[in-house]
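User: Please take a close look at the contact surfaces of one chain in this model. I would like the contact terms spelled out with their cut-offs.

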Amino acid sequence: MRPLFLALAAVLVTAAGTVAAPPPRVFPYPYEKHTLPNGLTAIFVPMQSPGVVAYYSVVRTGSRDEVEEGKSGFAHFFEHMMFRGTPKYPQAAYEGIVTKIGANTNAYTTDDHTAYHLKIAAEDLPKVIEIEADRFQNLAFSKIVFQTEAGAVYGEYRKSISSPFALLNERLQDLAYDAHTYKHTTIGFERDIMVMAGQFDYSLSFFKRFYRPENVVLVVAGDVEPKATLALIEHHYGSWARGYVAPAITPEPPQQAERTAEVTYPGKTLPILTVAYKGDAFDPDNRDYVAALLLGELAFGETSELRKRLLLREQRVQMLAASIPQNRDQPLFSIYAMIKKPEDIAAIRDEIYKTIEQFKETPVDATRLRDLKRRNKYSFLMGLDTPDAVAAGLARFISLTGDIAVIDRLYAAADAVTAEDLMRAAKKYFVPERRNVIVLKGGQS
Amino acid sequence: MSRRLLLLATLVALPLFAAVPRNAAAPILLPVAKDPTVSFRLWFKVGSQNDPAGKEGLAALTAAMLTEAATQKRRYDEILDQLFPLASTYGASASVEMTVISGRTHVDNLADFYPLLRDALLTPAFNQADLDRLRSRTLNFIENQLRFSSDEELGKAVLANEIFAGTRYGHLGAGTVTALKSITVEDVKAFYTAHYTRDNVVIGLGGGYSPALLDQLRADLAKLPAGAPAPVPAPSPPALSGLSVTLVEKPTASTAISVGFPLGVVRGAREWYALAIANSWLGEHRNSSGRLYQVIREQRGLNYGDYTYIEAYPNGGVRMTPPQNVARRSQLFELWIRPVPHEARHFALRAALREVDHLVNHGMTAEQFEERRQFLKKYVLHYAATTGERLGYAIDDAFYGLSEPHLVQFRRLMDELTLAEVNAALKKHWQLGNLKIVAVTQGAAAFADALVADAASPITYASPKPAAVVAADQEISTFPLRIRRAAVKIVPVAELFAQ
């Protein structure tokens with residue numbers, strides 16, 4: 001009945017740890033990871049959550065994979081199409097099931113991955129496994145349905161782009177990248193969204209290339225019994241054929257010189273200054289990268305000296321923050337400032353540069369560094385309070401590495417960051433030739 | 001583990017006040033032994049309804065002056081420094097009738113966190129510099145963010161103001177531009193003294209806390225001044241007569257529409273749960289199974305989603321399940337049509353109102369009723385996933401005076417309510433002849449003319465549609481709205497929330 005079970009490449013990780021010399025455990029729950037012969041990985045995180053389960057299907061494809069010209073935004077559009085049914089469970093039947101079981105279900109797309117998630121009662125898990133396995137293998141939609149959904153996606157773009165930050169990020173990525181697909185945002189260029197209705201044939205190829213078991217990781221967290229759940233997953237996903245075709249993503253050539261641009265927002269807003277540096281891809285073994293993750297918070301975070309001065313004491317900015325993302329490829333390490341007076345933009349920009357120079361030359365205070373490490377751990381732990389939060393929190397790491405073991409490695413690496421590492425990272429990344437500067441101003445301001 | 005024991009010993013050793021303040025409402029407690037965190041929700045019975053005339057925004061600004069500003073012991077940047085390693089924070093949420101000061105920390109950090117929270121409540125500094133900063137932020141929110149960066153949130157804010165115009169609910173919680181500029185430190189101090197009293201607060205505490213912490217909290221809150229402010233009468237929203245329309249004119253790429261009317265039934269009433277079934281079927285929030293979503297988005301691709309509500313639902317654009325601690329004595333029905341292309345605005349409005357009209361006049365079918373009550377019975381399980389959220393619901397239960405918790409009652413009534421009750425409640429409470437419509441749009445004058453003329457609004461699509469959809473479009477495009485010229489006003493966006 002279960003020959004497959006014996007063939008599974010199963011890894012069991014317990015709270016005590018079974019791997020030689022593992023990094024200290026940060027992730028607080030025991031979990032099991034199994035990979036089926038067809039490459040599909042399933043991760044189970046049993047945790048106290050009476051009667052509730054979170055079921056995530058993480059597809060390691062996002063807007064990063066949109067390599068063809070004119071196809072920006074397609075991963076996100078395709079996420080919408082995944083709700084359009086199969087021969088066995090047409091859209092209305094699928095909807096009827098998730099409605100009947102009172103599932104809280106949705107999906108989202110990022111630059112690096114797409115996740116389909118359901119919060120359900122534990123008793124409904126077998127049915128959910130069946131219908132999710134079915135749509136990932138047997139999706140079928142008509143051209144008419146596809147074309148109509150293109151209108152809904154355009155509506156999503158329209159409702160989002162009224163935010164100045166959405167406009168800013170769209171222009172920033174376009175400015176900073178020449179070759180890599182991070183040139184476009186996840187929702188895509190408007191010009192591509194407008195013609196999506198004509199891409200029906202492409203959508204079929206998209207499904208065939210990317211929605212394959214070796215490119216998908218399931219996360220089941222909450223009131224879950226791993227053994228029985230694994231058996232159901234084997235049964236329903238076991239015949240899913242391999243066939244993932246990795247996209248040929250062009251690496252971004254090194255940036256040679258600073259780039260600058262101005263953007264006009266059609267409404268009214270305080271000016272927003274963004275200073276964004278080409279960083280490095282996620283890699284817990286890259287000490288510079290891990291140091292940079294901490295540097296953003298130390299230099300520009302809530303308790304940074306610069307923010308205290310500009311936002312609290314001098315009240316010259318409405319907002320100051322840094323974003324050091326975790327991405328599969330080279331992201332932008334960005335600093336954002338919303339500035340109260342347009343005539344102050346250049347001075348604030350220079351304050352940011354001055355701060356960066358200080359972090360290159362002056363070792364950070366040991367207490368601040370220790371406090372940040374402590375903060376990061378507690379922040380992570382406190383965020384893992386529901387099955388959904390756990391599964392959602394794991395999804396990004398799965399997108400990056402296909403696994404969650406990296407979490408402990410990342411926190412161990414962050415724990416080891418020294419003041420010297422921070423100075424070295426500042427000198428490496430925060431240099432003019434990696435820099436992209438955009439100023440957004442309101443057209444009606 | 002040793003750290004936790006040490007913490008408990010510390011708390012037990014703190015001076016305890018035996019006396020419980022007079023008139024204090026019973027604390028709302030949700031102990032969860034295995035929860036490694038402690039959640040605080042301190043409910044003060046004050047909100048924007050308590051804003052003095054000409055000082056709109058004072059309740060929200062006072063709350064922010066407690067939780068995002070200096071105390072008498074520490075500058076605000078020092079507070080941030082101390083909170084930083086704890087990965088903990090506290091904050092205030094001021095709604096129409098409630099202000100809840102909430103915070104959450106890991107038990108390891110409780111001994112460091114609690115004094116900061118306590119000082120914020122008991123010994124705020126009320127510095128001019130903090131007031132200037134927070135006021136500036138609020139003005140930026142109104143003048144830039146709300147007016148320009150999200151047309152749908154703008155439309156919903158205008159709708160709420162219009163429905164409750166002339167009542168204590170009838171202004172934006174953030175305030176008005178003129179009023180905010182007039183608020184002084186003295187205003188904040190006076191408001192705090194009048195409303196943040198020991199007789200006007202209910203303790204909410206959840207998670208892995210100790211009895212000693214509760215005692216300490218009680219003792220500390222007893223240090224607040226005595227007295228309770230005079231109750232504010234429940235609002236009587238003005239009766240709507242026919243369909244009235246407010247068009248917000250601004251440069252924008254698409255039209256956001258909100259429709260609503262005052263609703264005289266609140267949770268706890270059996271009829272409310274009957275309406276909840278119909279409402280969920282028509283437009284469950286951020287759920288693709290709702291009828292409006294199916295008609296406007298799924299079948300026609302006109303926008304990103306369409307939803308309905310029988311309770312105020314602030315920040316709907318960023319949350320998936322209902323908020324807690326925005327309880328109020330007077331509610332509204334709200335229909336939210338996410339931005340549609342301008343050329344489809346008249347059609348989309350008609351399509352939505354035609355569905356509501358059909359639901360009220362014909363009622364739900366037995367099959368729809370059955371599916372929906374089954375759905376809700378499980379779906380509400382997801383409404384309160386965390387200790388903090390459960391605590392929030394418990395506080396709301398106290399607000400509404402419910403002896404049986406709302407979510408328990410919700411599930412029970414899904415088994416007890418009948419289809420006849422649902423359809424009767426619809427006819428009784430959803431008065432479709434009297435509606436308020438708000439559209440944030442460009443070219444408002446032309447839209448006004450089309451609405452008043454009840455002109456046909458045929459729709460065209462970039463792609464073919466099934467015959468049934470095309471046939472329904474014929475009816476939708478001429479669905480009569482009967483809007484009088486005098487019931488339509490056009491407001492430039494810059495005038496909104498000015499005073």
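Analyst: The model is predicted: local features need pLDDT of at least 70, side-chain atom pairs count only at pLDDT 80 or more, and totals for chains, interfaces and linings use all residues. Residues are numbered from 1 along each chain as its sequence is written, while chains are lettered from A and ligands numbered from 1 in the order in which they are written.

Within chain A, the C-alpha centres of domain 1 and domain 2 are 28 Å apart. Domain 1 of chain A covers 3-237 and domain 2 covers 259-442, with bounds from an automatic or database domain assignment. Between them, 39 residues of domain 1 of chain A are in contact with 38 residues of domain 2 of chain A (contact: C-beta atoms, placed from the backbone, within 7 Å). On the domain 1 side, strands E3 (41-46), E4 (52-59), E6 and E7 (216-222) and helix H6 (164-176) of chain A each supply at least two residues. H6(A) gives the most, 7 residues. Helices (H or I, at least four residues) and strands (E, at least two) are DSSP runs, numbered from the N terminus. By class, this domain 1 side has 26 nonpolar, 6 polar and 7 charged residues (nonpolar: Ala, Val, Leu, Ile, Met, Phe, Trp, Tyr, Cys and Pro; charged: Asp, Glu, Lys and Arg; polar: the others, Gly among them).

Toward the other chain, 47 residues of chain A are in contact with 58 residues of chain B. Contributors of at least two residues each on the chain A side include strand E6 (114-121) and helix H5 (143-160). H5(A) gives the most here, with 11 residues. The chain A side comprises 15 nonpolar, 17 polar and 15 charged residues.

Terms used: Two residues are in contact if their C-beta atoms, placed from the backbone, lie within 7 Å.
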